[in-house]
Amino acid sequence: MSKIAVVGVEENLGREVLTLLAEKGIKVKDVQAVSPRSVMGNMISYGEDDELDILNLEQFDFKSVEVAIFTTTAEIAKKYIPAAIKQGAKVIDASGSSAGNPDVAMVLSGFNDDKINPDNISVVSVPSPEVTQMLRPLQSLHQQFVVKRIVVSTYSSTSAYGRAGMDELFNQTRKIFMNDTLADDQNVFHKQIAFNVIPHLGEFIGEETICEWAFNAETKQILGGDAKVHANCAVVPAFIGSAQYINVEFAKEVDVDQAKDCMKKTKGIIVFDKQVDGGYVTLNDVQGEDSIYISRLRQDMSIENGISFWCVADNLRSASAHNILSILNLLKK
């Protein structure tokens with residue numbers, strides 16, 4: 001048995017995972033597409049030439065698959081992951097439902113692969129796309145200089161809220177140009193998102209949003225030790241991608257040249273940093289790209305052993321789906 005179930009294929013991340021599976025040569029007969037909202041007859045494209053029936057999650061038999069990848073909401077994942085495990089499937093949880101749970105290994109490939117033992121692990125959690133994007137460029141740096149504290153400001157596209165968020169941005173933009181009212185198109189963000197920036201990503205839990213809380217909780221799960229994170233998360237009027245300004249304090253002395261060398265050696269990281277107009281990468285440049293791009297790399301003179309940099313990525317593809325596929329390969333070994 002070598003079948004893979006992608007649960008949540010009608011979500012942005014689920015579709016991106018299917019795209020990567022097809023690109024990696026996984027045969028259509030070895031993949032099953034599952035959705036909690038599917039009705040009989042629904043289909044989804046797989047690669048350029050094939051299609052998959054979308055099976056309903058309520059009736060789905062997890063005994064038919066080896067690994068189930070959950071890209072659903074956390075609420076749905078919490079309900080169905082126990083059933084998948086009980087029926088013998090290994091689970092990759094990309095829903096966020098396992099964040100902060102000390103009994104579930106959270107893995108960022110390349111950082112802590114040793115947490116995965118295919119013979120005795122039933123569920124692996126993956127960090128959010130935002131946390132993955134922040135930590136991936138720090139992989140070699142952490143090994144050499146030890147991350148002590150991170151302050152990150154994120155600028156996420158509306159794709160963080162799925163198709164509904166992207167549709168709301170599109171509809172508001174169109175109505176503004178037509179001088180129409182936005183009264184019926186402020187359901188996802190509760191504020192105008194077109195031509196605006198909203199300092200709020202995810203539900204509030206006390207003073208923080210769930211996204212800001214996740215930066216701290218997930219980083220501790222991956223890095224261990226005493227690393228601290230303070231995050232400020234905002235949504236910008238873009239459809240795809242995530243941008244971050246990141247300030248990092250290390251336990252050991254490090255300069256910009258050392259940081260740049262470490263990042264260049266890290267798989268999946270491209271440093272494009274020229275001190276000229278346009279010598280940096282923006283959100284529009286990274287849609288559909290596999291890599292995470294670094295620009296504006298500088299020494300942070302306000303603290304000892306500090307650097308800062310600008311980081312952009314396709315939040316669905318490079319910052320999440322690629323990590324999921326790497327973990328899939330580890331589980332199947």
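Begin by selecting Arg-296, which is partly exposed, with a relative accessible area of 33% (buried means under 20% relative accessible area, exposed over 50%, and partly exposed in between, with a 1.4 Å probe and protein chains only). Arg-296 belongs to strand 15, residues 292-299; helices (H or I, at least four residues) and strands (E, at least two) are DSSP runs, numbered from the N terminus. The phi of Arg-296 is near 55°, a positive value in a residue other than glycine.

Before the next stop, note that this is a predicted model, in which local features need pLDDT of at least 70, side-chain atom pairs count only at pLDDT 80 or more, and totals for chains, interfaces and linings use all residues. Residues are numbered from 1 along each chain as its sequence is written, and side-chain values use heavy atoms, with hydrogens and water left out.

Next, select His-190, in the loop between helix 5 and strand 10. His-190 is not a glycine, yet its phi is positive, about 65°. Is His-190 buried or exposed? With 58% relative accessibility, His-190 counts as exposed.

Remain in this loop and select Met-178, which lies between helix 5 (162-177) and strand 10 (204-205). Met-178 also counts as exposed, at 56% relative accessibility.

Now turn to Lys-90, in strand 6 (residues 90-93). Lys-90 is buried, with a relative accessible area of 18%.

Move to helix 1, residues 12-23. The expected span of a helix is 1.5 Å times one less than its number of residues. Colour the buried residues of helix 1, among them Leu-13, Val-17, Leu-20 and Leu-21. After helix 1 comes Gly-25, whose phi is positive, near 90°.

Finally, display the whole protein chain, which has 8 helices and 16 strands. The C-alpha trace spans about 60 × 60 × 40 Å along its principal axes. Of the 333 residues, 53% count as buried. Among contacts between residues at least 6 apart in sequence, 67% join residues at least 24 apart.

Conventions: Contact = heavy atoms within 4.5 Å.
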